[in-house]
Amino acid sequence: MSSRSQQNIDALLKRRYEAGFVTEVEEETVPPGLNEDIIRLISAKKEEPEFLLEWRLKAYRHWLTMREPRWAHVRYEPIDYQAIRYYAAPKQKERPKSLEEVDPKLLETYEKLGIPLREQERLAGVAVDAVFDSVSVATTFKEKLAEHGVIFCSFSEAVREHPDLVEKYLGSVVPYTDNFFAALNSAVFSDGSFVYVPPGVRCPMELSTYFRINAANTGQFERTLIVADEGSYVSYLEGCTAPMRDENQLHAAVVELVALKGAEIKYSTVQNWYPGDEEGRGGIYNFVTKRGLCAEDAKISWTQVETGSAITWKYPSVILEGDNSVGEFYSVALTNNRQQADTGTKMVHIGKNTRSTIISKGISAGRGQNAYRGLVRVAKSAEGARNYTQCDSLLIGDRCGAHTFPYIEVRNRTAQVEHEATTSKISEDQLFYLMQRGLSAEDAVSMIVNGFCKEVFKELPMEFAVEAQKLLGVSLEGAVG
Amino acid sequence: MLLEIRNLHVSVEGKPILRGIDLAVDAGEVHAIMGPNGSGKSTLANVLAGREGYEVTEGEVLYKGRNLLEMAPEERAREGVFLAFQYPVEIPGVSNVYLLKAAVNAVRKHRGLPELDAMDFLKLVKEKIRLVRMDEQFLYRSVNEGFSGGEKKRNEVLQMTVLEPTLAILDETDSGLDIDALRIVSEGVNSLRSPERAFLVVTHYQRLLDYIVPDKVHVLAGGRIVRSGDRTLALELEKRGYGWVLEEAGLGAGAGPAA
């Protein structure tokens, strides 16, 4: 690529991070470090029942026996787990009962991020749970959802109001022994969302959670649990941002999805955590375990657009336990500057005639490193299982990297597994072609990148597809027309 | 004068390709640039459109009285310079209609006009698509992806009719077309002919000029225009080949650097 296109592209890659501000709000924190007392303190602050404290402590004790995984294609300095603060919450006199009681500064923060929480200002079809550092500050449209029997609240509230459901399903998909970060999360998780959709109910609106990290030196340990009872349907979206800071911050989340017989869960993520600066200073370590469990005839679909974070380590997966169940994974992961991503999925076929689809689009720019890592496992019992995997990488410039690590384990002869992979570069010919039609260089790059991601974007709910396109444009420093 | 090329010298990777081109094109005119392979025809088309990798070592190009060579490719496009590509590229996932709308609105914005909304734009495009006899479904396919050679060229002409350029450069648009496609492409071009608009038609064969009748024909060889004439020159070339022109220009058959 000649020097001028390279300059054009370099200019585009100098991204603006628009969510990088800090909210000046007094926060209540616990001292840095991790031990059983801290866990007891977190549990007490959340007024949790005994079973949950016990579960946290078991997870903590198990975590102590584990070692941090090093197999991912990412590099970072060792994390000092004793230097992290495990709880931070904006100070509030009492738990706010309505939006009127929520600190206006917090409402302002979400407004600045384009997420107004006042219901009349919201998109009519979307209910929001807003999580600020370790706590949920507001959940909208709760009453309207309650009319349909849908429970949508913060995880903490679910623990208080629906302890039976929490006890039944917490850890049922991702046990605390699962992996190092899941064990850590299970010990110290702070807040996240809880959704329960009763049998046969089609959730009348999109549900979404907006995660915001604000406090410095604090980890965010989100825990989300979604249960779709028999024959129900729910579509859920999460978004994430954080201020720009020079030090790295840890976000270690666990998301569990339970789709009972004939239920469908559509889970979409637009992840825009602070990615660090051009030299790789700062940024979020996004180490996340997401998994869903499908009963008979159930369907779970993960769609993710990952543009932020210094390091992304996440593999939203589906256990296809029930016969005829369906798992899908649609992913766009963009790494720019010094960002690193190791992301993909696991599709575990257990039931008969289970089907899974994996579409992964990795975009590497600057010095970004992007790895797809996926496992398709067909158990002996999975008669007639089918998987289709398509894994495409797009390189922008010549200092970045794309890597593909597909693992396929098939133990049933009737299974059909397909894997396709491509790697391409944005060519000078493509750029010139679009510029000859009047587009600026940055619009041209955006258009090519968005075209590359189209198969994934079309899986996102309408409003969010537009948001994702814009975000991708901004992440490449260029708006999409 | 709409386009004035004066003593243009262009090198590619240090190797001279164009060695002193002089050409003046007035609004309303159609000029054909002919010549043997490697004579520099495509180089001329690409330099005018602003493709990188071409070094202008001497001379100048004025477009509407402005220094064209100083303008960025997208600015040239917005000022009405259109290149119908010899090899249009594929852009997966970007629909034709999406690209066309972005292009039209980039041009409109540049000219201080309000952007067209989706409805107005579709109306415009649906009128134009009939001219090149393409199905409307074509609009929703990814740009040039999986298109046949003929479809790609028709798509170039569709873009041209939608963008209504002031100076349209057709770089071997006829190559690889069967006779029906050639006729359709030519009709599209002819429908755009107007007193405000000029065409530079780069072609290897005179065949295209049966349909798009030029005002002037130039023979490019060895990086220079070695002969100019009216359309009868093209007919003569068809009959006698390029050899005699090259010999008269002292180049000898097949001489000249490869482009």
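Q: Why is the pairing of Arg51(B) with Asp429(A) called a salt bridge?
A: A salt bridge is a side-chain nitrogen of Lys or Arg within 4 Å of a carboxyl oxygen of Asp or Glu. The closest N and O atoms of Arg51(B) and Asp429(A) are 2.8 Å apart, so the pair meets that definition. Between chain B and chain A the count is two salt bridges.

Q: What is known about the source and the numbering?
A: The model is predicted, with local features needing pLDDT of at least 70 and side-chain atom pairs counting only at pLDDT 80 or more, while totals for chains, interfaces and linings use all residues. Residues are numbered from 1 along each chain as its sequence is written, chains are lettered from A, and side-chain values use heavy atoms, without hydrogens and water.

Q: Which residues of α9(A) and α10(A) make the contact?
A: Contact means heavy atoms within 4.5 Å. Gln430(A), Leu431(A), Leu434(A) and Met435(A) of α9(A) meet Ala441(A), Ala444(A), Val445(A), Met447(A) and Ile448(A) of α10(A).

Q: How many residues does each chain give to the contact between chain B and chain A?
A: Chain B gives 32 residues and chain A gives 25 residues.

Note on methods:
Helix = DSSP H or I, 4+ residues; strand = E, 2+ residues; numbered from the N terminus.
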